[in-house]
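This report goes through one structure, from a pair of side chains to the chain as a whole. The sequence and model come first.

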Amino acid sequence: MKIKLWDRMILFVGALLCMGAGAWTAADGVCWLLDTESSMAMWVRIAKTALGALAVLFGLFALAF
């Protein structure tokens, strides 16, 4: 089944937004990981970084379509 042009454009923009938000979240998570004086729990910092990286990978997966 061929994907219509409009649907491809929406998928492309959504994938870019997902990758951008994921990169932003992962970068923020890394900053929190490096901050030793933060009151945020370590598992929350690791989860934030991992979920950001997962969002970037999902955006790359969506771009493959």
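Phe58 and Phe61 both belong to helix H2, where 3 residues, about one turn of the helix, separate them. An α-helix has 3.6 residues a turn, so residues three or four places apart point the same way. The model is a predicted one, and a search of the whole structure finds 1 aromatic pair. Phe58 and Phe61 form that pair, which is tilted, with 6.5 Å centre to centre and 35° between the planes. An angle under 30 degrees would have counted as stacked and one over 60 as edge-to-face. Phe61 counts as partly exposed because its relative accessibility is 49%, and exposed would require over 50%.

**Overall form**

The chain contains 2 helices and 0 strands. Its radius of gyration is 15 Å, well over the 11 Å that the globule rule gives for 65 residues, so the chain is more spread out than a compact globule. The C-alpha trace spans about 50 × 15 × 10 Å along the principal axes of the chain. Of the 65 residues in the chain, 15% are buried. The chain exposes about 5100 Å², and 77% of that area comes from carbon and sulfur atoms. Among contacts with a separation of 6 or more, 56% join residues 24 or more positions apart.

**Helix H1 and its cover**

Helix H1 runs over residues 5-34 and has 30 residues. From first C-alpha to last, H1 reaches 43 Å, close to the 44 Å expected at 1.5 Å a residue. Its buried residues include Ala15, Gly22, Ala26 and Gly29. Helix H2 (42-63) is part of what covers the buried residues of H1.

**Arg45 and Trp32**

Which residues does Arg45 touch, leaving aside those up to four places away in sequence? They are Gly29, Trp32, Leu33, Asp35, Ser38 and Met40. Gly29 in this list is also one of the buried residues of H1. Arg45 itself is found in helix H2, and it counts as buried because its relative accessibility is 5%, with the limit for buried set at under 20%.

Trp32 lies in helix H1. The C-alpha atoms of Trp32 and Arg45 are separated by 6.1 Å, although the two residues are 13 residues apart along the chain. With residues up to four places away in sequence again left out, Trp32 touches Ser38, Met40, Arg45 and Lys48. At 28% relative accessibility, Trp32 counts as partly exposed.

**Cysteines**

A disulfide is a covalent bond between the sulfur atoms of two cysteines. The structure holds 0 disulfides. Cys18 is in none, and the nearest cysteine sulfur, that of Cys31, is 20 Å away. Cys18 counts as partly exposed because its relative accessibility is 22%.

**Accessibility of the residues discussed**

| Residue | Relative accessibility | Class |
|---|---|---|
| Arg45 | 5% | buried |
| Cys18 | 22% | partly exposed |
| Trp32 | 28% | partly exposed |
| Phe61 | 49% | partly exposed |

Terms used:
Residues numbered from 1 in each chain as written. Predicted model: local features only at pLDDT ≥ 70, side-chain atom pairs only at ≥ 80, totals over all residues. Heavy atoms only, no water. Helix = DSSP H or I, 4+ residues; strand = E, 2+ residues; numbered from the N terminus. Expected span 1.5 Å × (residues − 1). Buried < 20%, exposed > 50% of the residue type's maximum accessible area, 1.4 Å probe, protein only. Contact = heavy atoms within 4.5 Å. Phe/Tyr/Trp six-rings, centres within 6.5 Å; stacked < 30°, edge-to-face > 60°. Rg over C-alpha atoms; globule rule 2.2 N^0.38 Å. Areas by Shrake-Rupley, 256 points an atom, 1.4 Å probe, with all protein chains shown as cover. Disulfide = S-S within 2.5 Å.
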